[in-house]
Amino acid sequence: MDKFRMIFQFLQSNQESFMNGICGIMALASAHMYSAFDFNCPCLPSYNMSYGMGILVVPPIVLFLLGFVMNNNVSMLAEEWKRPTGMRQKDPAVLRYMFASMTQRALIAPAVWISVTLLDGKCLICAFSTMVPLDKLGNNTDTGLSEKELKKILARLPCKEIYEGHEIIAREVATRYLRCISQALGWTFVLLMTMMAFLARSIRPCFTQAAFLKSKYWSHYIDIERKLFDETCTEHAKSFAKVCIQQFFENMNKDMKLVHPHLQEPKAPENEEEEKLLGITDQGTMNKLLQNWHICKPALNLNQEVHQNGNGCLKEHNELNNFTLPKKEIITYYSKV
């Protein structure tokens, strides 16, 4: 149990490894889902195409959306994109890099599903059974059947137990033909996906190395800043709640002492929790601080004088042109409000 806890803590501390693990699990899950899926072609001319292409297209779309849903950076990207500019400018390159990274990971599971589906061939056999070239593979002469009746017979090719058109075309010949086309498309798709992944991971950083490093750094910074801000808010909320509860019980004890003078005076609460409040000791100030953090995020500079402008935002006078570490910036932001 301890080993699993250590692995989980490592994945939590390493966001990239965690997301890669999630993508790997989703890819394996998509392959397992397909193997466990009960594929039943309707074997009707008007439904084969819809059913076969639906199985090929709809699950990848669902898996693609799930890849975004399970990515913790989606909310961070949306927040960074929609937030007011305030004291910190937005960098479109960072947003593009974050979106591209999430999209690449979200595409893994759909790509696995499409590859497995095409290599298996059942979907294409069901979808294109009525389009088998009878002039090359079968007997299309002197059948005495209309085009509608012929398509109805060919639509039953995926259904071995009800197919009755062996005199027109052998079922094994038709299914082998369609399966070969499907596997060719599957391997082509795998090759294209591999080449695209290679280009995205290897060649792209070589052309814009400086912009790539900048975007990668600041995307990590935004992620770390959000985590540290949440941790700081949690610590502050815990300290604030503890002090409020201690004061409540202290006041209750004082009231009880007036009624029962024999009760002893309780010990004064320690000042550790009060020091963690960083001067923010009421609900209104905390709400205003959180609003300012959203509307007017401070610029990434160290040793800055902070005061409010007419709009209620924090206006900063920068003395140094160096960026601060995330946690120090957040704590400084708390302490100066």
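In the predicted model, helix H4 (residues 73-82) packs against helix H5 (residues 92-106) at an angle of about 155 degrees, and the two axes lie 11 Å apart. Because an angle over 145 degrees counts as roughly antiparallel, H4 and H5 are therefore assigned to that class relative to each other. The crossing of H4 past H5 is left-handed. On the H4 side, the contact involves Asn73, Val74, Met76, Leu77, Glu80 and Trp81, which meet Leu95, Met98, Phe99 and Met102 of H5. Classified by residue type, this contact of H4 with H5 comprises eight nonpolar residues, one polar residue and one charged residue.

H6 contributes Ala111, Ile114, Ser115, Thr117, Leu118, Leu119 and Asp120 to the contact, while H10 contributes Arg179, Ser182, Gln183, Leu185, Gly186, Trp187, Phe189, Val190 and Met193. The residues in the contact of H6 with H10 comprise nine nonpolar, five polar and two charged.

Methods
Residues are numbered from 1 along each chain as its sequence is written. This is a predicted model: local features need pLDDT of at least 70, side-chain atom pairs count only at pLDDT 80 or more; totals for chains, interfaces and linings use all residues. Side-chain values use heavy atoms; hydrogens and water are left out. Contact means heavy atoms within 4.5 Å. Helices (H or I, at least four residues) and strands (E, at least two) are DSSP runs, numbered from the N terminus. Ala, Val, Leu, Ile, Met, Phe, Trp, Tyr, Cys and Pro count as nonpolar, Asp, Glu, Lys and Arg as charged, and the others, Gly among them, as polar. Axes are lines fitted to C-alpha atoms, for helices over the stretch in contact, and angles run from 0 to 180 degrees between N-to-C directions. Angles under 35 degrees count as roughly parallel, over 145 as roughly antiparallel, 65 to 115 as roughly perpendicular and the rest as oblique. A crossing is left-handed if the near helix is turned anticlockwise from the far one by less than a right angle, and right-handed if clockwise.
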